[in-house]
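My entries follow the display.

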Amino acid sequence: MLAIDAVEVRYAASPKIKLPSVKLAAGEHCLLLGPSGCGKTTLLHVAAGLLKPESGSVRVADTDLTSIAGTALDRFRGRNIGIVFQRLHLIPSLTILQNLTAAQYCAGLPIDPAAARAALARLGIENKADRFPAQLSQGQAQRASIARAIVNGPQLILADEPTSALDDANAMLVLDLLVQQAQACNAVLLIATHDARTKYAIDLRIDLGAAS
Amino acid sequence: MNLMRLSLADVRHRKLANSLHLLLLTLGVAIITALLLISTQISGRLERDADGIDMVIGAKGSPLQLILSTVYHLDIPTGNIPLDEANRWAHNPMVAQAIPLSLGDNTKGFRIVGTTPDLVQHYHGQLQGGRLWQQPMEAVIGAEVAKAGLKLDQPFVGVHGLGAGGHVHADHPYKVVGVLQPTGSVLDRLILTSLDSVWEIHAAHQHHHDADDHDGDHDDHDEDHDASHAEGQGAAPPMPGAAPGYDPSKEITALLIHYRSPLAAIALPRMVNSQSMLQAAVPAFETARLLQLLGLSFDTLRALAGVLIVTAALSAFVALYNAMETRQYDLAVLRSLGASRGWVVAILWIQALVLSAAGTLLGLLLGHLAVETIGRLANTARGVDLSGLVLLWEELPILLLPLVVGTVAALIPAWRAYRTDLATTLSGA
């Protein structure tokens, strides 16, 4: 389902970084652990096709992301990969509902406000549908960004430090929500975190700090 | 949800910054539009009023003043000229038509012009009601004068001089016998009567002061009758003064001359200026001179408007470019959600176009509104009546402005958005 194999990446002027191989089957959930700066986000970006590796292969479902580029890659990402960013990245000029329908639109899928509302309902924030991101609390915005990640029914959900800004109770809640939504889509869930509180919430773990 | 809505949502979201450069663009376009309208209408009006008048003969003085006073009816005349002297030039073989003008009185600021029906024909005046003057003290009024309140069959008195506050000729009331349709020329602002009416008033005026008898007055009447009667037949000589029994001591203000052939333009003005105590002035030349004087300030304003538009374009550019700094995340997020590079560029371009198109349309509207307001506030009796309710072909290039400004302003931000590295942008590095 997700297979990252022998991938090396390079940022502008820095030396190549070798990333560990990852292999996850459909429906499997995995934590990506390690201190800040150890390459967790980089690995997520590679998995999302946001960062093109220098070498190696990245397979999502049956597609090798290194073999497609440009519009095809953007389209594939929009339809098959849901991303929960560390900084949430909700679009401030759009309402919560519009943020979700924009995700449908950008992926080239038919716009379905009912489905978008259903996704918000699953995360318990349907009543915030017509609010703007700035009018939401941190926890509500976090849920909204998860709703946006799952609205297109992705096969792969990537989350980057989804709990770092939350208190204990909310951190566990968000983790539970991610797991639930991934199960609902039968998607692969990959969560990058340095948050010790989440360490034992999921059985499958890759520790980048130990690997390097 | 579509590209348009994604773009517009952001325009709405940044109201303050966007309305600032919208304002700048609007003002720039409004000034250019207003200038275009005003200069076109003024020069168009000047040309139309002087159309077919090749030369004006009047008293010595400033040639510009002579043209302004007798062709445009804006300035005071340079003085009067003897009728027999004027007549000599009117019968010159190089002259096809000579229309005499006698100025001196006004009513409500509208000039009373003693002349022949040739003047009405010259400006293609059509009667809306009534008839042309036949007797002395009968008057035909232009459309603007009618609009100001004078009606058919209404008596009115002339006031000595060309502005309010002069001596009132209360004992010699005129009567409106005809109203002209609007011609869009200076004719609309004039009250036309026979030369005799003007002479009669001022002769009588003289008589009153000299405590003279009323016989002279009476003689005038008979003589006028003959003259206007002859005109009525259509086979009028170029000058009513040529009618038998005219008084050589009479004066007129000016003669509007139409040449028989273009060759006259070379010889006639020089002849008049050198061989008589009269002055010849050429409207085309004086109008060009006047426009040149005005043109300087039009050019200055045009340059100012240009600066405003460049500033507006620059501010649109800076605003878009700055917005990019924060917008980069949004656009990268859209990319992460599946939007292609092309879409992101399109979104920025649409934003820039929407803003500059709105600025341009608002500017055009404002410009027209401003000119219309100026036109309504300004005294129509003394100037060119301006209208904001006309569209000019020259405005078409202004419509291209948003395309150019918007595209240029969106170019660099769009290029940056196109080239942006998603991973770096999204991780907030």
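These are my notes, chain by chain and then pair by pair.

**Ground rules.** I worked with a predicted model, in which local features need pLDDT of at least 70, side-chain atom pairs count only at pLDDT 80 or more, and totals for chains, interfaces and linings use all residues. Residues are numbered from 1 along each chain as its sequence is written, chains are lettered from A and ligands numbered from 1 in the order written, and side-chain values use heavy atoms, without hydrogens and water.

**Chain A.** I looked up the secondary structure and found seven helices and 10 strands. Helices (H or I, at least four residues) and strands (E, at least two) are DSSP runs, numbered from the N terminus. Chain A has 212 residues, and 54% of them are buried. Buried means under 20% relative accessible area, exposed over 50%, and partly exposed in between (1.4 Å probe, protein chains only). I then checked contacts (heavy atoms within 4.5 Å). Of those in chain A with a separation of 6 or more, 71% join residues 24 or more positions apart. The accessible surface is about 8,700 Å², and carbon and sulfur atoms hold 50% of it. Such areas come from the Shrake-Rupley method with a 1.4 Å probe; for residues, only the protein chains shown count as cover.

**Chain B.** I found 13 helices and 13 strands here. Chain B has 429 residues, of which 48% count as buried. For contacts with a separation of 6 or more, the share from residues 24 or more positions apart is 79%. I noted an accessible surface of about 19,700 Å², with 63% belonging to carbon and sulfur atoms.

**Where the chains meet.** I found 25 residues of chain B in contact with 26 residues of chain A. The buried area is about 2,400 Å², and carbon and sulfur atoms give 65% of it. Buried area is the accessible area (1.4 Å probe) that two parts lose on being put together, summed over both. How many salt bridges join chain B and chain A? I counted one. A salt bridge is a side-chain nitrogen of Lys or Arg within 4 Å of a carboxyl oxygen of Asp or Glu. The pair is Arg335(B) and Asp74(A), with the closest N and O atoms 3.2 Å apart. On the chain B side, helices H1 (3-13), H10 (283-336), H11 (341-377) and H13 (422-426) each give two or more residues.

**Around Asp74(A).** Asp74(A) also forms a salt bridge with Arg77(A) at 3.0 Å, N to O. Both sit in helix H2 (residues 70-80) of chain A, three residues apart, so about one helical turn separates them. Is Asp74(A) buried or exposed? Asp74(A) is buried, at 2% relative accessibility. Arg77(A) is buried too, at 1%. I logged Asp74(A), Arg77(A) and Arg335(B) as linked in a network of salt bridges.

**Other pairs.** My search of the whole structure gave 13 salt bridges over all chains. One of them joins Arg197(A) and Asp168(A) at 2.7 Å between the closest N and O atoms. Arg197(A) lies in the loop between strands S9 (188-193) and S10 (205-207), and Asp168(A) in helix H6 (residues 168-185), so the pair ties together parts 29 residues apart in sequence. Arg197(A) is partly exposed at 31%, whereas Asp168(A) is exposed at 52%.

Arg289(B) is partly exposed at 34%, and Glu286(B) is buried at 5%.
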